[in-house]
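These are my notes from one sitting with a model. I wrote down each thing as I looked it up.

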Amino acid sequence: MSWRPDASWSMLQQRADLFKSVRQFFENRGVTEVDTHLLSQYGVTDVHLKNLSTEFSQPLPSGTNTLYLQTSPEFAMKRLVAAYQQDIYQLSHVVRDDEVGRYHNPEFTLLEWYRIGFDDNALINEVSQLLSETCGAPPIVERSYQQCFLETLKLDPLTPDGIEGIRQHLESVPALTDWMQKETDASTILQVAFSECIEPTFTKNVPQCVTRFPVEQAALARVDESDPRVAKRFEVYYQGVELANGYHELTDAVEQTRRFQDDNRHRVTNKQPQMAADKRLISALESGLPDCAGVALGFDRLLMIKSGAKHISEVLPFTTNNA
Amino acid sequence: MANYSTSEFKGGLKIMQDGEPCSIVENEMVKPGKGQAFNRVKIRKLISGKVVEKTFKSGESVEGADVIELELSYLYNDGEFWHFMNNETFEQVPADAKAVGDAEKWLVEQDVCTLILWEGKPISVQPPNFVELEITETDPGLKGDTAGTGGKPATLSTGAVVRVPLFVQIGEVIKVDTRSGEYVSRVQK
């Protein structure tokens with residue numbers, strides 16, 4: 001039986017150094033470290049995320065035995081922000097079912113932080129500073145989701161005609177023909193086009209930030225008042241890797257409830273189990289989440305970029321396959 | 001035949017694609033943090049031997065292919081079929097010219113070949129990596145040319161033609177690499 005670790009000792013030292021410099025970065029800015037729970041009575045409704053769950057031996061006061069391993073500390077951290085109105089960050093293990101590969105381990109480390117009074121632009125600027133201070137990266141380059149498609153495919157992802165053009169383009173790619181002939185979901189078409197046609201065009205050695213995602217892919221970002229077709233969500237890519245996802249946070253409890261319900265409607269269409277919406281998060285939004293922006297960044301991927309590792313197993317003490 | 005979900009995809013899995021049995025060569029999962037997961041897959045079509053790329057939506061199922069691989073020894077050719085035998089069960093399996101393909105020129109009696117059977121019928125024959133065959137025809141070479149520079153064509157007992165060093169003569173047995181079709185060495189009789 002192989003018992004040896006996946007990462008080398010020198011990599012584990014680099015990992016420790018990166019933890020240290022991330023903590024230093026936030027200490028310098030007066031942001032407080034928190035560590036919220038891994039087990040929650042609620043999972044996520046997100047159509048593309050799957051919680052692992054476990055059973056507690058006795059029912060909790062709410063009557064449930066099922067506990068979901070968190071896919072991100074987002075809901076808990078927002079409850080802290082709503083309650084204490086403070087800037088916070090967290091380095092935490094999170095767990096996602098069905099995700100394993102070169103850049104995925106079912107259990108991994110997220111760096112997530114929330115800044116009160118920041119909008120998406122201010123937070124993108126801070127992500128750029130973090131990449132510069134911890135990895136020596138050059139300043140981030142920004143482009144909107146729409147710009148990316150117009151420049152690469154000459155098609156507009158925000159209009160039905162544009163999306164149909166993108167679907168036809170994908171259908172002409174032999175590897176995708178069978179799938180795209182029958183695909184009708186606009187978000188799926190755009191996500192596949194983004195992965196297959198847009199991401200490969202990114203300059204690798206400069207962090208790339210994509211902003212203003214279509215409102216159908218808003219997730220937990222607020223809608224842009226100046227253009228309701230897009231949301232104030234951004235994604236950061238660096239060295240060919242998706243590294244971070246952030247929002248100018250949605251603070252409206254009614255709108256948040258409606259999005260959770262939309263997710264569950266999609267789940268029904270996809271024949272996925274429905275997930276109960278986290279009522280404590282909704283209550284926190286009702287009580288008032290201050291205007292803030294938040295972002296989650298893959299810590300293991302950041303270390304992969306910094307160290308030049310080719311596979312996530314090189315930067316983890318033990319992968320799930322070896323745990 | 002069983003169906004396989006994309007989460008069961010791995011190298012060597014046999015699936016049906018475009019009505020043809022295929023073997024998965026490589027499977028890479030792509031999963032945006034907030035988006036549709038999919039699998040980029042390289043598959044080898046087992047009849048044509050072509051390798052193609054195909055992208056599957058994660059969670060989709062595809063039909064498995066009723067394909068087995070057998071190690072069988074070559075017996076003889078009756079003009080229409082090439083007959084192979086399972087050395088353990090002594091069961092005989094005939095393969096047609098389409099299945100044998102280019103392997104024909106490397107088939108040596110008693111040699112163990114790898115046959116792929118789809119729904120019980122051979123669809124491909126792979127000869128051993130190295131075979132030993134007698135030279136039936138070649139120009140007389142120059143005596144004393146042992147460096148093996150230059151070379152000349154030689155016809156083997158199966159009809160295969162390979163380049164051999166000048167010193168190799170008719171009636172000698174040589175070892176050939178069937179993957180490249182190249183001469184390896186002379187074989188001492």
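I looked up A:Val141 and found it in strand E7 (residues 141–144) of chain A. Helices (H or I, at least four residues) and strands (E, at least two) are DSSP runs, numbered from the N terminus. The model is predicted: local features need pLDDT of at least 70, side-chain atom pairs count only at pLDDT 80 or more, and totals for chains, interfaces and linings use all residues. Residues are numbered from 1 along each chain as its sequence is written, while chains are lettered from A and ligands numbered from 1 in the order in which they are written.

Is A:Val141 buried or exposed? I noted it as exposed because it has 12 C-beta neighbours inside 10 Å. The cut-offs, with C-beta atoms placed from the backbone, are 20 or more other C-beta atoms within 10 Å for buried, 12 or fewer for exposed, and partly exposed in between.

Next I listed its contacts (C-beta atoms, placed from the backbone, within 7 Å). Leaving aside neighbours within four places in sequence, A:Val141 touches A:Val206, A:Gln208 and A:Cys209. I also checked A:Trp3, which is 138 residues from A:Val141 in sequence and 43 Å away in space, C-alpha to C-alpha.

Then I turned to where the chains meet. Chain A and chain B each give 17 residues to the contact. On the chain A side, helix H7 (186–198) and strand E12 (241–248) are the elements that give two or more residues. H7(A) has the largest share, 4 residues.

Definitions and conventions
Contact = placed C-beta atoms within 7 Å.
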